[in-house]
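Work through these exercises with the model open.

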Amino acid sequence: MAEMTSMESSPKPLLSLRNINMSFGGISALKNVSFDVLPGEVHCLAGENGSGKSTLIKIVTGVYRPEPGTIIDYDGQTYPHMSPMTAQAAGIQVIWQDLALFPEMTVAENIAFQTVLGSRPRFVHYGHMRDIAVKALARLGVSLDVDLPLKEYAIAQRQIVAIARALVGEAKLVFMDEPTASLTQSETDHLLDIVRNLSAAGVAVVFVSHRLAEVLDISNRLTVLRDGALVGVYPAAGMIQSRITELMTGKTFDHKLRARDVSANPVVLEVQNLSRPGLFEDISFTVRRGETLGITGLLGAGRTELALSLFGMLKPRSGTIRLEGKPVRFSSNRDAIAAGVAYLSEDRLSLGLVQPQSIADNLVVASLGRITSGGFLSDDRKRELVAGWITNLGIRIGRQGDAVSTLSGGNQQRIAIAKWLATDPKLLILDAPTVGVDVGARAGIFEIIAKLADSGLAIILISDEVPEVYFHADRVLHMAEGRIVNRFAPRDCTLRDIEAAVYA
Amino acid sequence: MRSIIQSHATEFALLVVIAVISVVLSLSTDSFLTPGNAFDLLNSSSVNIIFAVGLLVVLIAGGIDISFAVAASVAQYVTAILLGWIGGGGWISGLLIAGGVGVLLGAFNAFLIHKFRIISIVATIATFNIYFGLLMFFTRGVSIYNLPDWLTERVILYEREMADGSWIEITLPVLVMTICVIATWIFITRTTTGRQLYAFGDNPDGARRFGVNIAAMQFIAFGWLGLMAGIGGLVQAHYAQEVVPNALYGRELDVLAAVVLGGARLGGGKGTVLGCVLGVLLISITQNGLNLAGVSPFAFKMIIGAIILAAITLSNSNLEKRLPFMRQAKGRG
Amino acid sequence: MNALFNRTRAFLGPEMAGPGFALLAVIVFFSLASPQFLSRATFGSVAFQLPELGLLTLAMLLPVLTGGLNLAITFTANIAGLTAAWVLKSNGGVDAGPFAFFMACLLAIGVGAASGLVMGLVIAYTRAHPILVSLSMMIFLRGLGEFLTRGGDISGFPAFIQPLGHGSILGLPIPLLIFIICVLIWHLLLTRTKLGFNTYMIGSNIEATRYSGINTRRVQVLVYTLSGAMCAIAGIIMMARFNSVRVGHGESYLLITVLACFLGGVNPFGGFGRVIPVFVALVVLQLLSSGLNLIGANQHLATAVWGILLIAVMVLRFSAGRLKFLQRIKG
């Protein structure tokens, strides 16, 4: 059926992959996958972590060699496999998620890197590089000072530099790996404009992502992978995020509204007119015992900054924070933790957990006092405490001494939650708790959150995925540009209402 | 102008500090601000500057090398012995041998680092001990004083008596140093390979994905430092008119301090030849000035240590906050 | 039985493989090469040489575990030694009493700790690279020491401090006993205290540790302060052993201490490493130099062999890692 939709009377594909098989040490990463890209189209490649998306990019760009039997037809030629050089020479470019830029070098050097600096040893002509860079930026309708080091620019401009670099080599096919992950809405809009122009100029663009809501609008087709196999190819028109999720996971999620009325419960947190100019302004809200307050909004809306100031890591300029009625002023997050506030970071890899260290140590790091007796840490107490939480939250681990990095995203997040629960908090702030967690494993996280709320914990759930807060929070705040612009009660509104407000 | 100061903040700051120190010293001593003294300074700093520009290249490529100073001693010794065998030789053969030995020793570091993925500080601490231990073992710590005449004879390329009676001299070490500095500058700013070194130091993974040859980068960086170490070693033998196997022992950390003072970053991707030379000069000028001011020679190092400590502390404690014009565009633009 | 095995393994840790293997290899090789190797004399020379290098290595270990380095250890030890010498001198020199010696030790440890404290503060509050901070501290302390002593020796201490460097209790050299006590303290510190726990944590990821509510600055400052205090103990032992203090004593140990840490399986980036394997690595280094001495080589050859040993261990570790990787791929 999948084949049928893609075999309509369409122009000859620019890229056509047939029978790709790829395995690593006997574990199959791609099973008999076929993939087509038409000239000038915008194509989405969707799949969960580990579904084979990045393996596919690496095969097309020559980083990996697929097993024999694969046919790569590209631009009228057939290749048994690619190499990085042939792929680049043939006009295949990738904009990696980490951008792979050089912050200390100038914008011009970054853009002209492949064409000028990447070549064999010779003298550099800075003027030539500057010309290339200015021209490439002009094509995107952007002007930057090409002589400044790249580190002077913010992430959105850096992404533009990465795109400009990809276009220098007369690209015909551009892969964009999770391109909107770190962009705000207006930056995303600008990116989409650029992609539209590229597409109009005949360059094919493939978006690779597990979250495609923003880019579906301008896409032509959608290819979904699951567990290394092709699920199907679909027209993008009329596709919605929930349907993509079903295709990616193979499961149907029937969401039920969790929202309850907890207005009779005592107030745990009361924030009044909290401001930190430039980050957030005039924020007022309350959270009650057993309540889950959702905060949504786009990247850059000031959500994380607000959370950090409740956690004592960012000082507000004015306004008050009251915990159980008492005004508090934290000089560090240690004060906040002592007062019963816990904060699960949005960046699990570099801030949420100490990845190389053991599961047990990560779980107890915030509550060392509990495993201390007579001034010394007790291994037995640590083991007990950890074992207790592992059972309590249903975490699947090998040994307590294994590095956290060996766990799946979902289990890592449970360890991070357990770490904070071990501090016995009154208020738990969860900042994007499902980032990097497979769609299938997210339900488990939300079950835990619901259980915690039922046991009386006050929870702030921050997410830029509107359905998450709609279905799992009791009330929803919408932040934009540092202010609360809307307040929703999921029982009295629809998901569309909130989405319309957020993506307006 | 603002952008020049901004993008060369370290060099600018060093120049200011050097100027201030020079003014203070020239007011407190008569002999500091004389051409004769300036050229003396240049002569005596030559060896360190040669080492420094070599080390700069390794730092830019994201590595560190502890072994180069003892490698220079090895190069010195081997050259002295080989020159004895071939019956004298000359500057060309001397530089070729010393440079060649240096490159070999540097390449051995690169081999360990690339082939076995040993991080550079571990690998070069190991080779530091190997090179130095073997040198002392085979030479039994015996110095060579019987060097060929051409090596010990002072070569004065230009001399002139100034009005105040002091002599200015440009000697061979200064020439060799100038060539090394210019060659390094051209190499790292004007060739594709040099820029690839910056890219590799800045973002190794990114550089790899864009086709930069990682093995070549390691061998070139450590090879260049090896070359500079060999040349510097021979020049030092010329300057000191003797080859003492442990004469350069400990120099590595002094040079490292000077290079980092000059703005190079441990971790790679950053550093300029100008900053590096100014870093060495700042230290020499301070030392020279203190000497002329009659400060006890035993106090030099203490004061220099304090200056470096202060410089590192200041340069890391958010200068931008204190100097608004240097503030960078941070965060979302 | 199995539990005992597991406990032992947990005590020794996975870092033990390299130094343990090297220990066996060195003992087997030299027993075959020289009949005198397995003797009291070898034990004696190792036992007296181990403590100085060992104490300095302990001082190096803590900063390395946090992902840093303390290049000022040898001169911190010298300056602390000078402090002790100065106190003794101003209290009668050879006639100084035990109380003066006690004060001398206290003050020396205070001075060592102070030098560490300054480095710790600079590193924690400015985030300057520890290599640079400790390097400039090293240059400063060396200069200070040379300025104070004019490059000479200070000697003339009371006779009762000599046993600290040369004496024995029950056949065990006193410096060795002091070293072993320090090893145990460090082991306890790293495995049983919050400070030790947090040392490993910040070695792996300082920001994530800070987000977990740990006062990471305090940890860094304490780590360097303790490192400085440990240097002072090394300085006092050196003073007793040489019966004099000279700036530059033990200078060549600096990079050997780093080598010993890496040989003992400490991760060069920080976060992992244990005291006991480092102790074994130190024994290996001393056995090597004693063994080479027996078969007619000198300390310089031993230095070279130490370097070769470090490379051999790193290469083996690399190969083992590669083998594991291949096995995982196949499995």
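**Exercise 1.** Find the residue that forms a salt bridge with B:D254.

Solution. Begin with the rule: a salt bridge is a side-chain nitrogen of Lys or Arg within 4 Å of a carboxyl oxygen of Asp or Glu. The partner of B:D254 is C:R142, and their closest N and O atoms lie 3.2 Å apart. Next, count: chain B and chain C have one salt bridge between them. Polar contacts come next (a pair of N or O atoms within 3.5 Å; within protein, one must be able to donate a hydrogen and the other to accept it, and residues adjacent in sequence count only if both atoms are side-chain atoms). Between chain B and chain C there is one residue pair in polar contact, both at pLDDT 80 or more.

This is a predicted model, in which local features need pLDDT of at least 70 and side-chain atom pairs count only at pLDDT 80 or more, while totals for chains, interfaces and linings use all residues; side-chain values use heavy atoms, with hydrogens and water left out. Residues are numbered from 1 along each chain as its sequence is written, and chains are lettered from A and ligands numbered from 1 in the order in which they are written.

**Exercise 2.** Describe the contact of chain B with chain C.

Solution. Contact means heavy atoms within 4.5 Å. Chain B brings 40 residues and chain C brings 45 residues. Now take the buried area, the accessible area (1.4 Å probe) that two parts lose on being put together, summed over both. The two chains bury about 3900 Å², with 82% of it on carbon and sulfur atoms.

**Exercise 3.** Describe the contact of chain A with chain B.

Solution. Count the residues: 33 from chain A touch 28 from chain B. The buried area is about 2500 Å², 54% of it on carbon and sulfur atoms. A:F102, A:E104 and A:E152 supply 21% of the area that chain A buries here, more than any other three residues.

**Exercise 4.** Which charged and polar pairs link chain A and chain B?

Solution. The rule finds two salt bridges. One of them joins B:R195 and A:E109, at 2.4 Å from N to O. By class, the side of chain A that touches chain B has 17 nonpolar, seven polar and nine charged residues. Here Ala, Val, Leu, Ile, Met, Phe, Trp, Tyr, Cys and Pro count as nonpolar, Asp, Glu, Lys and Arg as charged, and the others, Gly among them, as polar.
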